[in-house]
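User: I should like to learn how to read the features of a protein model, one at a time. Please give the general idea and then the case at hand.

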Amino acid sequence: MTSSETPAAQSHACATPSGDRDLLTSCVHCGLCLEVCPTYLLSGDENNSPRGRLRLWREESEGRLAPDPWTAEYTRECVGCLACETACPANVPYGEILEQTRHMHVAAGRTHTSLKLRIAAALAARPRLFNLTMLPMRLLRRWGVLPHRFLFSGRPAFAQSTASYAKQLMEQHRPTGPRVALLTGCLMEAVFREINFATVRVLIENNVQVFVPSNQGCCGAMQEHLGLDGIDQLRDHNRRAFRSLPVDAVVCNSSGCGLALGKALSDEVPVRDVLDFLGEQPLVQRNRAINGARVYVDLPCHLIHGQKVAGIPKSVLDATGFRWELAPQARDCCGSGGVYNLQQPDNAQEILARKSAFLNAAAGDPVILATSNHVCMMQWNSAHKSGLVKQPFQVRHVIQLLDPQQPACVEESEKAAIWVHQK
Ligand code: SF4
Ligand code: SF4
């Protein structure tokens, strides 16, 4: 943990969510959140726990503690997994407080965001430019060249957009069931587009009408994680894109994006995780029980703690046709935390090491780790490439396991994948 290092002294004014003291005073100090907090479990440091952070923020906001570099450091150490919200009997809105605090620390210069991440956030907020910038990355993934440990294998379309693909399939198949609009996301569309295509195929195969508004934008999750400005504008943009559509729900195939979009739209149209939505539909059942594959299902924090969804429905997992089970510690954080694995890579790897150890002895041929958030998929993928897990395993989105075009457990592209950067 980096908490043992002294942060650089800072002289900026106090920046805590003092406008929301009621939120800060809602903690009753019971400590029930400690045992679910990954940073507390790693460090054993009370200040690196939800209760400790809340106390630091409150003392600063009340003027009992001078603005302290350690407070900013402990704030940066938080993964933002929101497990503490689920554990909290007093319903402390920790995520809301964290979002405000991060923003205030950045605005006051107490936390500095790297230029690389600022550029990435600015690009993500401009989907067309981002899609163009990431075209080489899509091509590399198609060719099986994976230049970073976070890049898992897949074959994204490099030219056709998900909006165009959905329109084409809708015209071909003319489903008559419920109507949904799909958030395609920035990184999902720009780099991992094959998951969006699989989502469209699965929905339409199951008689769901899919609309993909081409004027949609970034959900703002990256700005939230980084404490940057511009979230309100992004939310306004998506309100305009989605709110007047004649649909039963807006569905998301990435739980972090779904959580962020829900903050913009929840009063206007239901925002649903696509797997949770499919759990209420009669599903086409795949039959893949003949092979030896074993699927270990992990539950993203922003699905179960952020969106408060109970889990990935059993009916959906059964419909994949695979032998599946929940991964050990499936409800614990994997350390991805949006961009946490870029900002605090050592912590993120330590958190992942505990959770991924079971894969070294997991049964199955192949072993498949399935989840429903692309940043969790990236984090899991890094477990093999950084040596935490010696045994090869595949990383898949659960929607891909339902996909009629998933021909076999082991794709040829996976066998041929070339790593040009092992760290
Ligand atoms: S969000 Fe996660 S890492 Fe942060 S305090 Fe809560 S449990 Fe700990
Ligand atoms: S569980 Fe809730 S009330 Fe209890 S210490 Fe944690 S944040 Fe405070």
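**Reading the model**

Analyst: A right-handed β-α-β unit is made by strand E8 (residues 367–371), helix H21 (residues 374–385) and strand E9. A crossover is called right-handed if, with the strands pointing away from the viewer, the path from the first strand over the helix to the second runs clockwise. Helices (H or I, at least four residues) and strands (E, at least two) are DSSP runs, numbered from the N terminus. The model is predicted: local features need pLDDT of at least 70 and side-chain atom pairs count only at pLDDT 80 or more, whereas totals for chains, interfaces and linings use all residues. Residues are numbered from 1 along each chain as its sequence is written, while chains are lettered from A and ligands numbered from 1 in the order in which they are written.

User: In which sense do E8 and E9 pair, and over how many bridges?

Analyst: Two strands pair if DSSP finds at least two bridges between them. E8 and E9 pair in the parallel sense over four bridges. Ala 370 has Arg 396 of E9 as its bridge partner, and Leu 369 has Val 395.

User: Which way do the residues of E9 point, and are they buried or exposed?

Analyst: In a regular strand the side chains alternate between the two faces of the sheet. A residue is buried if 20 or more other C-beta atoms lie within 10 Å of its own, exposed if 12 or fewer, and partly exposed in between, with C-beta atoms placed from the backbone. In E9 (residues 394–397), Gln 394 and Arg 396 point one way, Val 395 and His 397 point the other way, and all are buried.

User: What is the order of the open sheet that contains E8 and E9?

Analyst: Its four strands have the order E7-E6-E8-E9, with parallel pairing. E7 (323–326) and E9 stand at the edges with a single partner strand each, so one side of each is left without a neighbour in the sheet. From one strand to the next, the twist averages 30 degrees. For such angles, axes are lines fitted to C-alpha atoms, for helices over the stretch in contact, and angles run from 0 to 180 degrees between N-to-C directions.

User: What is the strand order of the open sheet that contains E2?

Analyst: The order is E3-E2-E4-E5, four strands with parallel pairing. The edge strands, E3 and E5 (271–273), each pair on one side only. Neighbouring strands of this sheet are turned by 40 degrees against each other on average, direction ignored.

User: How many bridges join the neighbours in that sheet?

Analyst: E2 pairs with E3 (residues 209–211) over three bridges, and Val 180 has Val 210 as its partner in E3. E2 pairs with E4 (residues 249–252) over four bridges, where Leu 182 stands opposite Val 251. Three bridges join E4 to E5, and Val 251 has Arg 272 as its partner in E5.

User: Why is E2 described as largely enclosed?

Analyst: Four of the five residues of E2 (residues 179–183) are buried, so this strand is largely enclosed by the rest of the structure.

User: How does one check the length of a helix such as H12?

Analyst: The expected span of a helix is 1.5 Å times one less than its number of residues. The 13 residues of H12 (residues 193–205) should span 18 Å, and its end C-alpha atoms are 18 Å apart, which agrees. H12 is mostly covered, with 12 of its 13 residues buried; among them are Ile 195, Phe 197 and Leu 203. Just after H12, Asn 207 takes a positive phi of about 70 degrees.

User: Which residues come nearest to ligand 2?

Analyst: A residue is near a molecule or strand if its C-beta atom, placed from the backbone, lies within 6 Å of it. Of the 15 residues around ligand 2, the nearest are Cys 27, Cys 30, Cys 33, Arg 51 and Cys 88. Helix H3 (50–61) gives the most to this shell, with three residues. The shell divides into 12 nonpolar, two polar and one charged. Here Ala, Val, Leu, Ile, Met, Phe, Trp, Tyr, Cys and Pro count as nonpolar, Asp, Glu, Lys and Arg as charged, and the others, Gly among them, as polar.

User: Which residues are closest to ligand 1?

Analyst: Ligand 1 is surrounded by 14 residues, the closest being Cys 37, Pro 50, Cys 78, Cys 81 and Cys 84. Helices H2 (38–43), H3 and H5 each supply at least two residues of its shell.
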